[in-house]
Amino acid sequence: AIKKLLLDNGYLCMAQSKTRIDFNKGYTPDGFANRVFHLHLRNFGDNDELYFRDYLNEHPEIAKEYEKLKLSLWKPFEHDRDGYTKMKTDFVQKYTQIAIEQYTKEKYQ
């Protein structure tokens, strides 16, 4: 029901698995619109994006690296959302895993 509601309101389903659905709004045949929205629906407890977000908030130097990476990919992948995402994947996975390990250790100390 949520998926249909979002699709009916202009969101695109960009990826779907048994436990995750990713939606985007603001991508056009001419590239990015002025405002772009991302909505990630996950099963309860699937918090990878939150770990990544929190790590970037606590490590501004890593956030700056991520910013530079995204800006370097913008024009070459302006019309290739999947390619853009693929080029960021190693960076995101690396720091998500570091965050999970760090925050899990902190939680139990």
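These are legends for several close-up views of one predicted model.

In this predicted model, local features need pLDDT of at least 70 and side-chain atom pairs count only at pLDDT 80 or more, while totals for chains, interfaces and linings use all residues. Residues are numbered from 1 along each chain as its sequence is written, and side-chain values use heavy atoms, with hydrogens and water left out.

**View 1. Here is the largest nonpolar core, built from nine residues.**
The members are Phe52, Tyr55, Leu56, Ile62, Tyr66, Phe91, Tyr95, Ala99 and Tyr103. Helix H2 (48–58), helix H3 (60–74) and helix H4 (81–107) each bring at least two residues to this core, and H4 gives the largest share, four residues. A nonpolar core here means a set of buried Ala, Val, Leu, Ile, Met, Phe, Trp, Tyr and Cys residues joined through side-chain atoms within 4.5 Å. Buried means under 20% relative accessible area, exposed means over 50%, and partly exposed is in between (1.4 Å probe, protein chains only). Helices (H or I, at least four residues) and strands (E, at least two) are DSSP runs, numbered from the N terminus.

**View 2. Now look at the buried residues of H2.**
Phe52, Tyr55 and Leu56 are the ones to find in H2, and they are buried. They cover an arc of only 100° around the axis, so they sit on the same side of H2. That arc is taken from the directions from the helix axis to the C-beta atoms. Leaving out residues up to four places away in sequence, Ala99 touches Tyr51 and Tyr55; a contact means heavy atoms within 4.5 Å.

**View 3**
Lys4 and Asp8 form one of them, at 2.6 Å from N to O. Lys64 pairs with Glu67, with the closest N and O atoms 2.9 Å apart. An α-helix has 3.6 residues a turn, so residues three or four places apart point the same way. Lys64 is partly exposed at 44% relative accessibility, and Glu67 is partly exposed at 37%.

**View 3. What does the salt bridge between Arg20 and Asp48 tie together?**
The side chains of Arg20 and Asp48 meet at 3.0 Å, N to O. Arg20 lies in strand E2 (residues 20–28) and Asp48 in helix H2, so the pair ties together parts that are 28 residues apart in sequence. Arg20 is partly exposed at 26% relative accessibility, and Asp48 is partly exposed at 30%. Arg20, Asp46 and Asp48 are linked in a network of salt bridges.

Is Phe44 buried or exposed? Phe44 is exposed, with a relative accessible area of 88%. The C-alpha atoms of Phe44 and Thr19 are 9.2 Å apart, although 25 residues separate the two along the chain.

How values were computed: Salt bridge = Lys/Arg side-chain N within 4 Å of Asp/Glu carboxyl O.
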